[in-house]
Amino acid sequence: MNTVQRILKNSLFLLLSNIVSKILAFFYIIYIARYLGAEGFGVFSFALAFTSIFGVLVDLGLNSLTVREIARSKSLTGKYLGNISVMKMILSAFTFVLVVITINIFGYSQETNKVVYLFALYVIITSFTNMFYAFFQAYEKMEYQSIGQVLTSFLILSGALWAISKELNVISFAFVYFIVSVIILAYNGLVYLYHFGLSKLEIDWDFWKPTIKEA
């Protein structure tokens with residue numbers, strides 16, 4: 001497959017996955033909003049928006065940098081996978097603690113706090129999923145990312161419909177997002193291992209400072 005064919009293939013996969021994902025997202029947001037009502041959906045929307053603000057701290061541009069550097073040299077895969085994974089673990093712990101402290105300062109209800117905690121975990125886990133997407137993009141294998149995106153929306157829609165059928169509260173909908181993020185992370189990890197194998201992971205402390213600075 002030549003360069004033009006690869007570009008067309010990857011662009012088509014991403015286009016179709018975005019269309020399908022947005023259609024599915026339209027339906028599950030409508031269902032969630034109608035079921036939870038103004039107050040419940042207000043808590044839901046606030047928690048998702050609030051935690052998304054902190055999501056930048058988990059990434060700091062590392063995914064974009066990974067795409068660029070791996071695309072240039074595939075031999076750096078193990079080095080980036082090992083170091084970026086550990087960086088994200090540390091950043092994730094810091095971010096979650098910051099979310100917990102901040103939301104408690106504001107004095108919201110326990111229900112709102114629990115929803116925020118679950119969405120914080122969702123945002124953190126999704127950041128690791130996006131790390132795998134970065135490797136797929138670097139290797140020009142967008143079909144794996146496309147499947148992951150569609151699967152995410154489908155599972156959230158299915159989980160939302162299940163929660164509605166069981167007449168569950170807003171915390172349960174946040175839990176659906178959390179569980180789906182875990183499933184999608186596992187999917188991407190397995191896809192990576194199956195198609196790219198277990199790269200020799202490298203941890204290089206001297207690599208961290210210039211990488212974070214550049215990211």
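Okay, some ground rules. Residues are numbered from 1 along each chain as its sequence is written, and side-chain values use heavy atoms, leaving out hydrogens and water. Since we're looking at a predicted model, local features need pLDDT of at least 70 and side-chain atom pairs count only at pLDDT 80 or more, while totals for chains, interfaces and linings use all residues.

So, what's in the chain? Seven helices and zero strands, where helices are DSSP runs of H or I with at least four residues, strands are E runs of at least two, and numbering starts at the N terminus.

Next, the overall shape. The C-alpha trace spans about 50 × 40 × 25 Å along its principal axes. For 215 residues, a compact globule would have a radius of gyration near 17 Å, and the chain's 19 Å agrees with that. That radius is taken over C-alpha atoms, and the globule rule is 2.2 Å times the number of residues to the power 0.38.

Buried residues, meaning under 20% relative accessible area with a 1.4 Å probe and protein chains only, make up 43% of the 215.

Now let's zoom in on H4, residues 110-138, and H5, residues 142-165: their axes come within 7 Å and cross at roughly 145°. Axes are lines fitted to C-alpha atoms over the stretch in contact, with angles from 0 to 180 degrees between N-to-C directions. Who touches whom? On H4 we have Tyr-133, Phe-136 and Gln-137, and on H5 Met-142, Tyr-144, Gln-145, Gly-148 and Gln-149, with contact meaning heavy atoms within 4.5 Å.

Methods. Buried < 20%, exposed > 50% of the residue type's maximum accessible area, 1.4 Å probe, protein only.
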